[in-house]
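Dear colleague,

Please find the structure below.

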Amino acid sequence: MNAPTGAEPSPDTLAALYEILKSFNKTGAELGPGTRFSEDLNFDSLVVMEFIAVVEDDFDISVPLNILPDIATIKDLAVAVEKIVAADK
Amino acid sequence: MAGLLDRFAPLMGQRDALFADGGTDPFQVKMDRIFSQTEAMIGNKRTILVGTNNYLGLTFAPEALKAAHDALEACGTGTTGSRVANGTYYGHKELEVALCDFFGKEHAMVFSTGFLANLGILSTLMGPEDYILMDADCHASIYDGVRGSSAQIIRFKHNDAADLDKRLNRLADKPGNKLIVIEGIYSMLGDKAPLADIVAVKKKYENVYLLSDEAHSLGVLGQYGRGLPEEVGCEDDVDFIVGTFSKSVGTVGGFCVSSHPQFNILRLACRAYVFTASLPPSVVASATVNLGLVKSGGALRKRLMRNAQHLHSGLTALGLKVASENSPVVAVVAPDPLVAVAFWRGLIDEGVYVNLALPPATPYGYSLLRASLCAAHTEEQLDKVIAIFGRVATKVGLIEPVEHKRSAVG
């Protein structure tokens, strides 16, 4: 499993991700930082790609495919998104 | 403990839901006898083949058959070695020279398949400081290739040059090299890349290279069959062309051509080139001959496109949803995988073979009956195919029976 990232994402980032996830949440799982994409939301590789494309549009960033294997939870993604946003500035 | 392949349970479930009812499994088709480029015996049924990617119909070209026979007699059935060991014969070098002449590029590498060419080139070309920007709808071999690369991998929206521009702009201050990866014609829907727009975006930035996979456009597009870059008139702006001999060229094998001055170092760095056996001499000989036929194949290209238009207009007139236009790929969209499978089985029972393509292998989650045309198809064959599509589409409920339609209109 993933090592804890240490960093805590901002509530705004998490809220934006929850908003995007509404239309992808087919299992009706409750969304929280610890919600897992694969186990809790049943995301397959295709859905992951569609979802990431929307995240990229929303945050105006590029999410490299390389980091996807290390992203298991919403919190993981929020931390990664914030890192990319900061690097783009 | 979980069983070895238990993680494929969702795929097994999907397969069983679609195919376990005893009908023909579309992914286990066996050709029992080959009559020609366009007809084969499948089981007891003589079948018209409309899903072979054999665009120019060169698989039985007499000149290539003879060259293959001669090479077989002269050199044996295989090289039993890698290109960098004992597996480079004079034929492999002649084919590479022929590729350089054909494309007007300085260097060419011949791989054992098109898949391996993408795997080898894309995993090797870019380094840890670099970026690969790939079209989201690229082929599995491109995805697998970039996965082996140490570069950062970024997808841009399919055929969206503005999205590519946005993403390159974000990277403008980053020091690494950037590689754009596209395909001339995308295999599933047969749509072309907006190459002129992509080249214009490429030119706005420094250190950006362009690679185009011409697997489905080689032999199909351009006056001399050099693919989309020839048709668009920007061959010098495409730094790397990857392709295959397994479609228009009518045999098997892959290649990459480029005029990059240091290109040849890839012969030692590309693992998919170094660590696999080279193509058999007979295959190489037929590829070389057929490449010449591709170049002089203007009449074949015309027939191919005429056939494509014929099938496209016939299927559209039936009321079917066809995803592609003006393309050698004619993909009919079915509403869901179950209907697609029923449709496919109806076609095979009546003697028509097309590719069944299901998500996740398809864009937009489409379930497709994917036909690809051949220059050797006759009008009579295609009329028969269209009639059978009409009957089967009615049977599976995709279109109304013809009588109903008439009465509804008038």
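Buried area is the accessible area (1.4 Å probe) that two parts lose on being put together, summed over both. Between chain A and chain B this area is about 1,200 Å², and carbon and sulfur atoms give 44% of it. A:S62, A:L65 and A:N66 supply 34% of what chain A buries against chain B, more than any other three residues.

The model is predicted: local features need pLDDT of at least 70 and side-chain atom pairs count only at pLDDT 80 or more, whereas totals for chains, interfaces and linings use all residues. Residues are numbered from 1 along each chain as its sequence is written, chains are lettered from A and ligands numbered from 1 in the order in which they are written, and side-chain values use heavy atoms, with hydrogens and water left out.

In contact terms (heavy atoms within 4.5 Å), 13 residues of chain A meet 14 residues of chain B. Four salt bridges link the two chains, each being a side-chain nitrogen of Lys or Arg within 4 Å of a carboxyl oxygen of Asp or Glu. One of them joins A:D57 to B:K157 (2.6 Å, N to O).

Within chain B, strand 4 (residues 107–111) has five of its five residues buried, so it is largely enclosed by the rest of the structure. Here, buried means under 20% relative accessible area (1.4 Å probe, protein chains only), and strands are DSSP runs of E, at least two residues long, numbered from the N terminus. B:H107, B:M109 and B:F111 point one way from strand 4, while B:A108 and B:V110 point the other way.

Yours sincerely

Key. Buried means under 20% relative accessible area, exposed over 50%, partly exposed in between (1.4 Å probe, protein chains only). Helices (H or I, at least four residues) and strands (E, at least two) are DSSP runs, numbered from the N terminus.
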